[in-house]
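The structure comes before them.

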Amino acid sequence: MAANLKDLAQKINEYVEKEQDNIVQFLKEFIAIESVTYNEGNAVKFLADKMKEFGYDEVRIDPVGNVIGRIGSGKTVLLYDAHIDTVEPGEAKDWGFNPLEAQVKEGVIHGRGAVDDKGCLAGITYAGKAIKELGLESDFTLWVSGSISEEDVEGSCVQAMMEENKDIKPDFILVAEPSSMRLVRGHKGRALLKITVPGKAAHASAAWRGENALIKALPIIEGIDKYNDFIEDPFLGKGTIEVTKVDCKTPSLNTIPGEVTIICDRRISCGESIEDLLNEVKPFVDKVSGAKAEIDTEKVTSYTGYEITCVDYFPSWVMPEDHKIVVAGRKAFSTLFGKEPVVGKWDFCTNATHLCGRTGIPSLGFGPGDESLCHSTEDKVPISELVDAIKFYALFPFAIIE
């Protein structure tokens, strides 16, 4: 079977190399379609049409607004996911060009979404095309999803996707996000804690008549800022907690606030539960009369009008180095490129918080481009990495079923 995998790698390599110009054009067209979070509809239609053009066996746009395509109908089921939404494009003056009109310079594609995450999404979509056109459908089913709204509520729209598409039951998942071509076997999770501190509003000239909620909140803020008693995961490291926003409920700038809301970003390393996170801040909150802590909840509406209630708790995930999915990733990589891959973690959160962290389905991360460039005016992906990533995405299912 090892020789067979090598033969498949050669076929895939030759096909993808010949397709390089078409791949670059595909990504340039994709970048040109603005798809800021909650406004992904045009990009979804574009991708669905491309999947049909590429010969996918099935293409659907679910009620949530995710686009999903299928290649094959074998017994081992894989799901490849990459998100279709981007952050705001930004101003042309800051980029030096219109970020929706992708530029190719010295073998690198520049533009909003090139690295995060349209390069990866174009890559997994084109991998399906390669498998189909080479007639390599085997004993697996490959689903490719262009999921929405990851930038705001990661994990929530893929959770809704899995609920709305109950026939999609993956055995393995690959999350395509930029990783500088490393295999990623885990990342921290995150939660948003909301702490409410009551007070009594009063005119600043007679503050004694009220109770300044902001002053009451200071010991909580200070306690959280100094807190560092986190459990340490040997792979992910320690969690963190940071105060990221303080909202004062006050009708004017000459009124002391009658209520304050503290928002904290909590990075989760060791799978701590919601109860664990609330117990962690309880000693600080309990010292302030009337204060309460909870996990923040958001209600969002997708571009299709689909409503999602999102509890801002997204767990961490880690795959053991010797797990079948990591071993298969190593094998696909080394077969294609003649060297061992770097295996590591992401510092940011992805849809894997749900796809693996909540479901427990074995998952792996992989993608072209430098993740440190996400959301910046240096949003770019090297063509060579994009091409090589497509080869990996196309060969990986065969390494899984070997």
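The bend at a residue is the angle between two axes, one fitted to the seven residues ending there and one to the seven starting there. This is a predicted model, in which local features need pLDDT of at least 70, side-chain atom pairs count only at pLDDT 80 or more, and totals for chains, interfaces and linings use all residues. Residues are numbered from 1 along each chain as its sequence is written, and side-chain values use heavy atoms, with hydrogens and water left out.

Q: At which residue does H12 bend?
A: Helices are DSSP runs of H or I with at least four residues, numbered from the N terminus. H12 covers residues 383-401. Pro397 follows the bend within four residues. The bend is about 35°, at Leu395.

Q: Why is H12 described as largely enclosed by the rest of the structure?
A: Buried means under 20% relative accessible area, exposed over 50% and partly exposed in between (1.4 Å probe, protein chains only). H12 is largely enclosed because the buried residues number 15 of the 19.

Q: How many disulfides does a search of the whole structure find?
A: A disulfide is counted when two cysteine sulfur atoms lie within 2.5 Å. The sulfur of Cys248 has its closest cysteine sulfur in Cys264, 14 Å away and so too far for a bond. For Cys310 the closest is in Cys157, at 8.6 Å, also too far. The search finds zero.

Q: Is Cys310 buried or exposed?
A: Cys248, at 37% relative accessibility, is partly exposed. Cys310 has 1% relative accessibility and counts as buried.

Conventions:
Helix = DSSP H or I, 4+ residues; strand = E, 2+ residues; numbered from the N terminus. Expected span 1.5 Å × (residues − 1).
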